[in-house]
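Good morning, and thank you for coming. Please look at the sequence and the model on the screen while I go through some of the features.

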Amino acid sequence: MDWRSRAGTSFICEKTAVTASRGMAVTNHPLASAAAVEMMAAGGNAVDAAIAALFTLTVVEPMMVGIFGGGAALIRLADGREVVLDGLSTAPAAARADSFTPISDTWPDYMEAKGRANRVGPKAVAVPGTLKAWCEAAEQFGRLPLSDLIAPAIRHAERGFHLSSYLATCIAEIAPDLALDAAIAAVFLPNGRPLGAGDLLIQKDYANTLRLIAEEGPQALYGGELGRRVADYLAGAGSFLRFEDLERYRTVTREPVRGTYRGFEIIGPPPPCAGGVHTLQILNLLEAYNIADSGFGTCETLHLVLEALKIAAADRRAVTADPAFVDVPVERLISKAYADQRRMEIDLARASTFEARIRSNESANTTHVTVADAEGNIVTSTQTINSLFGARIIIPGTGIIPNNYMYLFDPHPGNALSLEPGKRITSGITALIGKKEGRPVFALGLPGAHRIPASAMQAVLNLIDHGMDVQEAVEAPRVFTWGQEVEIETSVPVEIRDMLGTMGHRVVGVDHVAGGMCAIGFSDDGRMTGAACWRADGVPMGLGGGSARAGTSFWPDPRRGRVY
């Protein structure tokens with residue numbers, strides 16, 4: 001039965017999916033998707049394609065991602081191995097639990113610091129992991145040289161590209177902060193005015209930085225003269241970051257977390273990424289209910305989803321952090337038994353308040369790529385500089401926009417997320433792969449900070465319970481709560497929202513929950529279908545066709561028996 005026949009909420013997809021057999025790339029900018037397909041067309045695999053896309057995104061989505069940021073990638077290799085490469089940012093060695101002065105002990109300002117020092121400017125910059133992680137992924141699992149992977153990014157930085165309305169809106173939104181730093185203002189606020197949609201953005205300093213990295217590799221930043229130049233500038237401007245922090249930075253290769261939902265294996269990133277554990281816990285809570293029969297976007301289904309979100313959020317705030325510093329009870333949190341215990345607290349008729357049984361200030365401004373090739377390699381990766389335009393500065397002469405990841409550490413000492421030297425930030429990254437009988441069925445992810453796990457989980461429900469196709473699954477209306485207000489996209493009918501209000505949910509209508517999802521569905525016959533949603537500039541691009549049939553030439557054809 002079609003999901004629409006049982007739905008309380010209906011919608012029409014705004015974008016179309018793409019199906020191909022030799023490769024698929026879904027990113028949140030068409031030039032990044034094109035860079036990925038270019039790599040696969042040149043003989044590279046999905047890892048090469050994903051890294052090329054990410055480098056390109058640092059140019060065309062500069063507000064979201066950069067080489068001075070952090071992120072994680074869930075990688076499935078053609079031989080069946082599955083790993084998570086953790087390139088999340090860490091606190092500098094000079095940082096201390098009391099490095100920032102909090103302005104409030106209660107929400108919503110609990111994570112804010114005096115003078116916004118943990119959010120804007122040099123003090124907000126943590127040790128980056130993206131560049132090292134991307135280069136290591138390419139070296140370990142790719143097959144093309146690094147210079148090839150960076151070439152599209154250099155091209156677009158050097159020649160320029162025309163801004164989408166999405167990027168232009170982001171620039172206008174943050175223009176007052178960008179104006180505080182002369183270097184970043186010169187790029188995005190020329191003559192004191194924000195660049196607009198259709199304007200040409202050229203980033204020559206950044207093109208030169210990328211050329212240096214193409215020649216020297218990641219060592220250029222993590223021990224080379226580029227790194228010294230960046231660190232010296234930041235230190236002189238009051239940052240905690242030093243050159244030695246860059247020299248000491250290491251990525252971590254982790255084992256994914258795994259669980260099951262209605263016979264499907266769900267694989268995601270482990271702590272300090274919260275998304276894998278969070279998603280599995282919610283799915284375990286919901287597995288006892290007949291979500292398919294209750295229907296998509298109905299009051300009954302949404303109430304169950306919201307209650308499960310609140311339970312998982314309470315546990316996440318209490319215990320999820322860098323496992324090198326905090327004992328995270330992963331096995332208990334993702335166990336069916338723990339879900340059975342907590343499910344008994346759900347009132348089917350009323351909204352409830354839940355406490356942890358066993359807090360984050362993450363930015364929604366992130367990017368995601370999902371890439372797969374015909375060999376069976378899959379990459380689903382979320383990367384970010386945290387807030388829009390990170391720390392909202394540029395390192396003069398380099399074009400580098402550094403992260404503001406210090407904003408994710410609790411400015412209050414003594415808590416799981418409090419600052420400690422070398423501690424990794426905690427992220428909502430939820431890069432997922434779903435499998436059935438050992439075979440990949442879908443891979444997906446999206447930006448959106450602490451709203452990421454909720455949105456990824458709802459896509460899993462859309463695919464498995466509601467039987468949506470991959471385009472419907474990524475575009476479907478979403479909801480979110482962490483136990484306070486309930487955010488519901490306004491495409492959910494007002495009658496449904498009003499019914500949830502009568503159950504005790506504090507409903508707030510929002511234009512969108514989280515960002516642009518990038519997903520790939522896998523068919524039994526080897527075809528891949530890529531889909532991106534309307535919440536960003538996402539574009540799927542596929543690689544079809546192939547080489548000529550063996551033995552075929554153009555002309556003459558000696559097998560015809562005649563020569564012309």
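Predicted model: local features only at pLDDT ≥ 70, side-chain atom pairs only at ≥ 80, totals over all residues.

How many disulfides does the rule give, if a disulfide is a pair of cysteine sulfur atoms within 2.5 Å? The count comes to zero. Cys-135 is in no disulfide, and the nearest cysteine sulfur, that of Cys-273, is 19 Å away. Cys-135 has a relative accessibility of 7% and therefore counts as buried; with a 1.4 Å probe and protein chains only, buried means under 20% relative accessible area, exposed means over 50%, and partly exposed lies in between. Cys-170 is likewise in no disulfide. For Cys-170, the nearest cysteine sulfur belongs to Cys-533 and is 14 Å away. Cys-170 is also buried, at a relative accessible area of 5%.

Residues are numbered from 1 along each chain as its sequence is written, and side-chain values use heavy atoms, with hydrogens and water left out.

Let us turn to a pair of helices. Two packed helices are described by the angle between their axes and the distance between the axes. Here, helix H10 (residues 275-286) and helix H15 (residues 452-464) have axes that come within 9 Å and cross at roughly 45°. Helices are DSSP runs of H or I with at least four residues, strands are runs of E with at least two, and both are numbered from the N terminus. Axes are lines fitted to C-alpha atoms, for helices over the stretch in contact, and angles run from 0 to 180 degrees between N-to-C directions. H10 and H15 are therefore oblique to each other, since angles under 35 degrees count as roughly parallel, over 145 as roughly antiparallel, 65 to 115 as roughly perpendicular and the rest as oblique.

Which residues meet, taking contact as heavy atoms within 4.5 Å? From H10 come Gly-275, His-278, Thr-279, Ile-282, Leu-283 and Leu-286, and from H15 come Pro-453, Met-457, Val-460 and Leu-461.

Finally, consider Glu-287, in the loop between H10 and helix H11 (291-294). Glu-287 is partly exposed, with a relative accessible area of 24%. Leaving aside neighbours within four places in sequence, Glu-287 is in contact with Thr-260, Tyr-261, Arg-262 and Lys-336. The C-alpha atoms of Glu-287 and Lys-132 are separated by 39 Å.

Definitions and conventions. Contact = heavy atoms within 4.5 Å. Disulfide = S-S within 2.5 Å.
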